[in-house]
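User: I'm new to this one and would like to learn how to read it. Could you walk me through it, one feature at a time?

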Amino acid sequence: MKYAVIGAGGMGVQYGVLLQEFAGKDVDFIDTWQDNVEKIREQGGVYVSQDEQDRHLAPISIFYPEEYQGDPDVWIVFLKQMQLDDVLKRCAGLFREHQYVFSAMNGYGHFEKLAAYFDKSHIFGGTALIGAEVYGPGDMNFTGGATAKAMNMCAYDEEHEDEARARVEQDIYEDFTKATLNPTIVSNFMGMCMAKIVFNSVLNTLCTMYQIRFGEFMRHPGARWMTEQLVDEAYTAAEKAGLTLLGTRESEVETICHTAGVAHPLHYPSMYQDLTKGRPTEVDYINGYIASIGREHGYECRLHEFATQELHLAELAFSIHHPEFSGHAHQGDAKA
Ligand SMILES: NC(=O)C1=CN([C@@H]2O[C@H](COP(=O)(O)OP(=O)(O)OC[C@H]3O[C@@H](n4cnc5c(N)ncnc54)[C@H](OP(=O)(O)O)[C@@H]3O)[C@@H](O)[C@H]2O)C=CC1
Ligand SMILES: CC(C)(CO)C(=O)C(=O)O
């Protein structure tokens, strides 16, 4: 199978380079971030490291959407939620009926956007407990341990049996396994997505707001209680919407506390990387999404509404304290 990654940021490069290096796959990269594309071309590839070790130049082929002429079997999409509409528009001419698409972006909103370009039966979703960080154009670091990567994947249109799709799913699963991404195929698409959204709604949002690592959050005596409150409200909203999450409220709290305190205490969430570069965060698609499903089903998520606004306030505060980033100033688009 041939792959093409849309979005050569931290996660896109990680998936694509690991598929090249460990699974021996043919991978192309499409990006709209000009400094990144130009730097990668100039240096003949992208510098990658795992937890700051083994930094090396991985040769990759990178294209702007308008110049790409390839025909991959599977697209892998890793963009920030706010970029997706514009980039998909620029890529629209590249999509063919036979192609499949996989995405494990955080938050929610991307699958309906992808469904405007791909048949539902050709879409796979995922969630990734895999970290990545952009040092600068053409320079990425994968975080959280080479052997600690884990991800779920699930067919978007899982209610309908489809033999061709099942074969593609198996091929992707095998390629991702060789690529050391440790995939698990799960059922319950929305349950899978929501479990990760709830996870991110606690750790990404609180650690970003206070600019601290996962382990530093867990040192706070109130950390478990705060986690329980946010998880509880999110589960109630999901239940009102008729969604069953992959785990229980208790198991979600345990996963969050264990990941933060034991498995990845040194991790800064990806949202922190955006805040501290003066870039908009994905909070509207995480806490804001939880609040919106509650609102649509007559349940007010006061904590998630509040957390969404608090993070937008943190974005504003960051821009006040760091006027040098004012070019990226962000007003936030959450509906209060
Ligand atoms: N990073 C992580 O650890 C994880 C991320 N995810 C999710 O994966 C998706 C993709 O995230 P990720 O790969 O982290 O995205 P990145 O931040 O690495 O890249 C996304 C885009 O942001 C812009 N950008 C990023 N850094 C800079 C910079 N220093 N200067 C200028 N522009 C920059 C570029 O686009 P442009 O210039 O066009 O704005 C780039 O293409 C998101 O939904 C994220 O939540 C999921 C799990 C873990
Ligand atoms: C790596 C991980 C799983 C940790 O929160 C993540 O989703 C993020 O940083 O955005």
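User: Let's start with one residue: is His304 buried or exposed?

Analyst: First, some ground rules: this is a predicted model, so local features need pLDDT of at least 70 and side-chain atom pairs count only at pLDDT 80 or more, while totals for chains, interfaces and linings use all residues. Residues are numbered from 1 along each chain as its sequence is written, chains are lettered from A and ligands numbered from 1 in the order in which they are written, and side-chain values use heavy atoms, with hydrogens and water left out. Now the general idea: buried means under 20% relative accessible area, exposed means over 50%, and partly exposed is in between (1.4 Å probe, protein chains only). His304 has a relative accessible area of 0%, so it is buried.

User: Where is His304 found, and which residues is it in contact with, leaving aside neighbours within four places in sequence?

Analyst: Helices (H or I, at least four residues) and strands (E, at least two) are DSSP runs, numbered from the N terminus. His304 is part of helix H12, which covers residues 302-321. Contact means heavy atoms within 4.5 Å. Apart from those sequence neighbours, His304 contacts Ser201, Leu230, Glu233, Ala234, Asn287, Ile290 and Ala291.

User: Zooming out, which domains does the chain have?

Analyst: Domain bounds come from an automatic or database domain assignment. Here that assignment gives domain 1 (2-187) and domain 2 (190-325). Their C-alpha centres lie 24 Å apart.

User: How do I read the area buried between domain 1 and domain 2?

Analyst: The size of an interface is often given as the accessible area lost when the parts come together. Buried area is that loss for two parts (1.4 Å probe), summed over both. For domain 1 and domain 2 it is about 1,900 Å², with carbon and sulfur atoms giving 60%. Met82, Asn106 and Tyr108 supply 34% of the area that domain 1 buries against domain 2, more than any other three residues. In terms of contacts, 26 residues of domain 1 meet 22 residues of domain 2.

User: How many salt bridges does the rule find across the interface of domain 1 and domain 2?

Analyst: Side chains of opposite charge can pair when their charged atoms come close. The rule for a salt bridge is a side-chain nitrogen of Lys or Arg within 4 Å of a carboxyl oxygen of Asp or Glu. Across this interface it finds one. Lys80 and Asp274 form a salt bridge, with their closest N and O atoms 2.6 Å apart.

User: Is Lys80 buried or partly exposed, and what about Asp274?

Analyst: Lys80 counts as partly exposed, at 24% relative accessibility, whereas Asp274 is buried, with a relative accessible area of 7%.

User: How many salt bridges does a search of the whole structure find?

Analyst: The search finds 14. One of the salt bridges joins Lys39 and Glu42, at 3.7 Å from N to O. Lys39 and Glu42 are three residues apart in helix H2 (residues 34-43), so about one helical turn separates them. Lys39 is partly exposed, with a relative accessible area of 33%, and Glu42 counts as exposed at 64% relative accessibility.

User: Which elements hold Arg249 and Glu239, and how far apart are their N and O atoms?

Analyst: The side chains of Arg249 and Glu239 meet in a salt bridge at 3.0 Å, N to O. Arg249 is in helix H9 (residues 249-263) and Glu239 in helix H8 (residues 223-240), 10 residues apart. Arg249 is partly exposed at 21% relative accessibility, and Glu239 is partly exposed too, with a relative accessible area of 48%.

User: Which residues are linked in a network of salt bridges?

Analyst: That network links Lys2, Asp26 and Asp28.
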